[in-house]
Amino acid sequence: VSATVAKNVSAVEGPVSPPRRRWPVLSVLAIVLLAAIVVSFAVGVTTSSPELVARVLIAHLTGHPGTVARADDITIWLVRMPRILAAVLIGAALAAAGSAYQALFRNPMVSPDLLGASGGAGVGAALGILLSWNTIAVQLAAFTLGLVAVLVTYAVGTVVGRGTESTLTLVLTGIVVASLCSAVISLTKYVADPDNKLPQITFWLLGGLDTVTIRANLLPIIIPIVAGMVSLFVLRWELNVLSFGDEEAASMGVNPRAVKAFVIAGATLMTAASVSAAGMVGWVGLVVPHAARMLVGPDARRALPTSALLGATFLLIVDDLVRSVFTTEVPLGILTAMVGAPFFLVMLSRGRRAWA
Amino acid sequence: VALLAGCGQAGSGPSGAVANTHAVTDSTGMSVMVPTAITRIADAWPAHNEVVQMLGSGDKIVATVLKPSSVPWLYTVEPGLSTAQTVFTDTTVSTERLIQTHPDVLFTDKSSQIAAKTTELRIPTLQLGFETYQDLKKVVTTTADVLGPAARAQAQNYNSYLDAKLAAVSSVTSKIPTGQRPSVLHIYSLNPLVVDGTGNIIDAWITAAGGRNAAQVSGKTRPVSTEQIAQWNPDVIILASSAFDASDTGQQTLDKVSADPALGQLAAVRNHRVYINPTGGWHWDRYGIEEALQIQWAAKTLHPEEFTGLDMVAETKKFYSQFLHYRLTDDQANRILAGQNPT
């Protein structure tokens, strides 16, 4: 591994010679994602013809509503379109955050909720639902507490680690904070009204895109997700350097503390935003980065965009299954786990070398 | 956003939602514009489907949260319900299926999450709920406001019936001194042990029927320990049908309670004062219109000597014919009273 990274580092420092497989893989994945998006507009409880989909989309994009039946119009524009956007955005965010964390913590078992982002968001959402807040307030509470939980982890981890914020202390503190959050969530479930509050909290904990709306759920998360994504992409080279260890990174002119803080901030923004809109959708941030590394290797400069594209495609396809295969809506988090877990095992058995 | 709104106006659809509408205020205080003519109804609140049936529109339900196995009596009373699609679960909604049923209106319990989405889908959505008899009547009236003039008359009939029965029962039970009011434990689930505490409709009918709630906890469906129940040592136990294990009948459940080493020691069990709660189109004991029958049944069960003139079989048959548009046989009425499913 260190040979690979050294090569990559020298590639950046010296004359740039992009790794050969980089662009073909990314282009292919981008085309696959685009194709998945197009197909997703057509599949559902009933299949819509490409012509009908095109008519609805053109009508809305040009502002000239055509002669499309109302039910078709609503199905394609107000049911499928928000879900497709949400799946792409959230899938990409969770996978990229997971990829960054796995690189930062040099551990393939790490997922983006490692430092308590999902747990904190869960507490926020559960409390919001318990207090009968409206959807926007619940989402805001989830997002805010997701950030707060990671801040607490980071601050406590630094104090406990006596200012060194060693990776191990940080991870252990994250586990403690996440457990505390899950205890608080259990408490809210215990006191919640079983007839109307409890089902909402349960739904939220399993994740789902069936009630995602553009205005209330999607618009608020675009900025944090884009901001997080940009910060990770800016730092992708530093992430590689950090994999040598903090001292080596420092000797190469990288401030490990600053990079860690920025990567954690970026990944947390994305995770908290995703979870606040879609609930706790598991496995995406754990499995997809593995698949990405199998395709392009551990170099963060390639693994990060590959993860984002794969994550978007993965969540989109799983949500298509949720929308079209089952007669009643199954929570998304259940299906990502049922698809993701076996996939993970197959990858483990095949590619132990993917993470050396 | 303006683009979205503009397109909705132009798309005059099969339901013609734009044509004639009027405002109805739901239980959250929100004013919702609903079409004047309602022909297709979606209902995501289990207990509320029976309200729609009572108000004469059960056959107009096209999308529901119910399944025939969950409320077999309601499907017996209104066979038309079997054509409705089950598009809701407790926690989710299949939005595409819902759209395909072309509902004119959606009734849901207080669930801002579903309501936010269905409102975006331009389905007029009313969030309803009640914790008291007063609010139960309000839910019935609000539903009738949506369904039209004939429904309004029926809603008034029901609300007067509920008032009259509450008054009749209370006029007898209010004279019973505290010392003679049995303590009543309403068990929601036996395994794990879950009971209904104070501050809800279960507590309300126990009190109205001349009992005292034995459960000294606040709220509904609260987990408790056997020890706690032993300490309360209720005079009467009422088992909800949700307390039956798997495919057990009420009788089998009663036998299990008697055989249980801990529960078997309770005064209620030794004195054979354990009863199965009736279940009809909805559970009589929980949040439905059959609360009106529940108060009478509970009063007669707790104080049989005071209500000798009350014939629950006849009363149940009368209620079903007047309010649910279905003529029960004696056998059917007896099965409902015993918490049994239709044959």
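Does Thr253(B) count as buried or exposed, and at what relative accessibility? Here is a friendly walk through that and a few other points in this predicted model.

1. **Thr253(B).** Thr253(B) sits in helix H10 of chain B, which runs over residues 250-259. Its relative accessibility is 2%, so Thr253(B) counts as buried, the cut-off being under 20%. Leaving aside residues up to four places away in sequence, Thr253(B) touches Leu190(B), Leu239(B), Ala243(B), Phe244(B) and Asp248(B).

2. **Confidence in chain A.** Chain A averages 86, with 90% of its residues at 70 or more. Among the elements of chain A, helix H14 (residues 300-324) has the highest mean, 94, while helix H1 (residues 2-13) has the lowest, 44. For residues 1-18 of chain A the pLDDT is below 50, and this stretch has 17 contacts in the model beyond near neighbours in sequence. Please keep that in mind when you look at the start of the chain.

3. **Overall form of chain A.** Chain A is built with 15 helices and zero strands. Its radius of gyration is 21 Å, close to the 21 Å that the globule rule gives for 356 residues, so chain A is as compact as a globular protein of that length. The C-alpha trace of chain A spans about 65 × 50 × 40 Å along its principal axes.

4. **Contacts and surface of chain A.** Of the contacts in chain A with a separation of 6 or more, 75% come from residues 24 or more positions apart. As for burial, 55% of the 356 residues of chain A count as buried. The accessible surface of chain A is about 14900 Å², and carbon and sulfur atoms make up 71% of that area.

5. Over all chains the structure has 20 salt bridges. One of them links Asp193(A) with Lys220(B), whose closest N and O atoms are 3.2 Å apart. Asp193(A) lies in the loop between helices H7 (167-191) and H8 (197-206) of chain A, and Lys220(B) in the loop between strands S10 (212-213) and S11 (222-223) of chain B, so the pair joins two chains. Lys220(B) counts as buried, with 7% relative accessibility.

6. In what sense do strands S1 and S2 of chain B pair? S1 (residues 21-25) and S2 (residues 31-35) of chain B pair in the antiparallel sense, over five bridges. Within this pairing, His22(B) stands opposite Val34(B) in S2(B). The hairpin has five residues between its strands, and there Gly29(B) takes a positive phi near 90°.

Key:
Residues numbered from 1 in each chain as written. Chains lettered and ligands numbered in written order. Predicted model: local features only at pLDDT ≥ 70, side-chain atom pairs only at ≥ 80, totals over all residues. Heavy atoms only, no water. Pairing = 2+ DSSP bridges. Helix = DSSP H or I, 4+ residues; strand = E, 2+ residues; numbered from the N terminus. pLDDT = per-residue confidence, 0-100. Contact = heavy atoms within 4.5 Å. Rg over C-alpha atoms; globule rule 2.2 N^0.38 Å. Buried < 20%, exposed > 50% of the residue type's maximum accessible area, 1.4 Å probe, protein only. Areas by Shrake-Rupley, 256 points an atom, 1.4 Å probe, with all protein chains shown as cover. Salt bridge = Lys/Arg side-chain N within 4 Å of Asp/Glu carboxyl O.
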